[in-house]
Amino acid sequence: MALNQDMHEDREKAAECAAARHDRPGRLSIAPMLDWTDRHFRLFARLLSRHTLLYTEMVTTGAILHGDRDRHLGFNAVEHPVALQLGGSDPEALAACARIGSDYGYDEINLNVGCPSDRVQSGRFGACLMAEPGLVAECVAAMRAASDRPVTVKSRIGIDHQEGYEPLAAFVETVAAAGCEAFVIHARKAWLQGLSPKENREIPPLRHDMVHRLKQDFPRLHISINGGIRTLDETEAQLGHVDGVMIGRAAYENPFLLREADRRIFGGDRLDPQPIEVMRAFMDDVEDEMRKGTQLHAMTRHILGAFHGQPGARAFRRHLSEHAPRKGSTPEVLREALRHVGVDL
């Protein structure tokens, strides 16, 4: 119980420190992923790493301005540092949402210029905005004027028939002139026609070299790289070329890779958190959320990969997948699943 209490106190202290340094971009971040990086996943990720920058799922300006604002934007203070990713292309609406995001306490406001799905194209935002760097610059300027938080952009290296490095460099130069000082670049082109979002994450070839060159040509900008990076070894190698690394699905499918992040990536002296400590603290979160009416499956679905590659991991996943979604499931389901991997709470 003492270890668990210490862990929660550590999380509160980390939240206070992160809130005080909201203008400092992270060396490691977890990508915004639709239906995955919700507040429940972010709470779990924060148990593993104090300093890794976390992102919300992309939230459209319409959802914020006309929907249930607390449902879309509410988060726990222990999630800091946490960034809000916005989807939209109207400068006035984005400025309003940036202001609202700042009021909610987000550490960074990020504009999505990388999602290639049909839905975002029909709304004239996401990756299609790479064809309109002037509009992106206008959006960034409006967001910066409305918010005291860093405004950043996440993009691809190009879209459709944009070829070579020059269109990417021109895009970054135009947007940076509007005051954007930090870019996250997914090192793949996005094809707006002919490939699904899943195929757009896998088929276009990775061009890490283009992102490395971008950092060389724009040394004053904070450049983070995204795409195909799955381990902390690869992260450390990339940090020899760029300022930050964003990991996506690998961190969701195997979240325990974050256990070493504070020590290896951020140079901290804290011992890597042990699985039993993490799961005790997560159990506290589960019980607290369930008292508020949250369903067990809403939280446990995010930890199916927690014991990736360890003995009993398959039985752990199967038990949670079969029992947690059932009506009336209780935290005991999680305790039973954890026994399959030798964690007895």
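Visitor: Let's start with one residue. Which residues does Leu257 touch, not counting residues up to four places away in sequence?

Guide: Leu257 touches Arg230, Leu232, Ile247, Ala250 and Ala251 when residues up to four places away in sequence are not counted. Keep in mind that we are looking at a predicted model.

Visitor: Where is Leu257 found, and is Leu257 buried or exposed?

Guide: Leu257 is found in the loop between helix H12 (249-253) and helix H13 (261-264). To judge burial, look at the relative accessible area: under 20% is buried. Leu257 has 13%, so Leu257 is buried.

Visitor: How far is Leu257 from His340?

Guide: Their C-alpha atoms are separated by 20 Å, and the two residues are 83 places apart along the chain. You can read another pair in this way: Glu336 and Gln295 are 41 residues apart in sequence, and 17 Å apart in space from C-alpha to C-alpha. Glu336 lies in helix H17 (residues 332-339) and counts as partly exposed, at 31% relative accessibility.

Visitor: How should I think about a nonpolar core?

Guide: Here is the general idea: in soluble globular proteins, nonpolar side chains tend to be buried together. In this model, the largest nonpolar core has 103 residues. Those with the most contacts inside that core are Phe44, Val153, Phe183, Met279 and Phe307.

Visitor: What is Phe183 in contact with, leaving aside its neighbours within four places in sequence?

Guide: Phe183 is in contact with Val153, Val172, Val175, Ala176, Leu221, His222, Ile223 and Ser224.

Visitor: How do H7 and H8 cross?

Guide: Their axes come within 8 Å and cross at roughly 30°. An angle under 35 degrees counts as roughly parallel, so H7 and H8 are roughly parallel to each other. The contact is made by Pro133, Gly134, Val136, Ala137 and Val140 of H7, together with Phe171, Thr174 and Val175 of H8.

Visitor: At what angle do H8 and H10 pack?

Guide: H8 and helix H10 (residues 208-217) pack at about 45°, with axes 11 Å apart. That is why H8 and H10 are described as oblique to each other. On the H8 side the contact uses Glu166, Leu168, Ala169 and Val172, and on the H10 side Met210, Arg213 and Leu214. H8 passes H10 in a right-handed crossing.

Visitor: And how do H14 and H17 cross?

Guide: The axes of H14 and H17 come within 11 Å and cross at roughly 160°. That makes H14 roughly antiparallel to H17. Met279, Phe282, Met283, Val286 and Glu287 of H14 meet Leu334, Arg335 and Leu338 of H17.

Visitor: What span should H14 have?

Guide: H14 (residues 275-291) has 17 residues, which should span 24 Å at 1.5 Å a residue; its end C-alpha atoms are 24 Å apart, which agrees. The buried residues of H14 include Met279, Phe282 and Val286. Just after H14, Gly293 takes a positive phi of about 105°.

Visitor: Last one: which residues does a cis peptide bond join?

Guide: A cis peptide bond joins His80 and Pro81, with omega about 0°. Pro81 lies in the loop between helix H4 (69-73) and S4.

Conventions. Residues numbered from 1 in each chain as written. Predicted model: local features only at pLDDT ≥ 70, side-chain atom pairs only at ≥ 80, totals over all residues. Heavy atoms only, no water. Core = buried A, V, L, I, M, F, W, Y, C linked by side-chain atoms within 4.5 Å. Buried < 20%, exposed > 50% of the residue type's maximum accessible area, 1.4 Å probe, protein only. Contact = heavy atoms within 4.5 Å. Helix = DSSP H or I, 4+ residues; strand = E, 2+ residues; numbered from the N terminus. Axes fitted to C-alpha atoms, helices over the stretch in contact; angles between N-to-C directions. Parallel < 35°, antiparallel > 145°, perpendicular 65-115°, else oblique. Left-handed = near helix turned anticlockwise from the far one by under 90°. Expected span 1.5 Å × (residues − 1).
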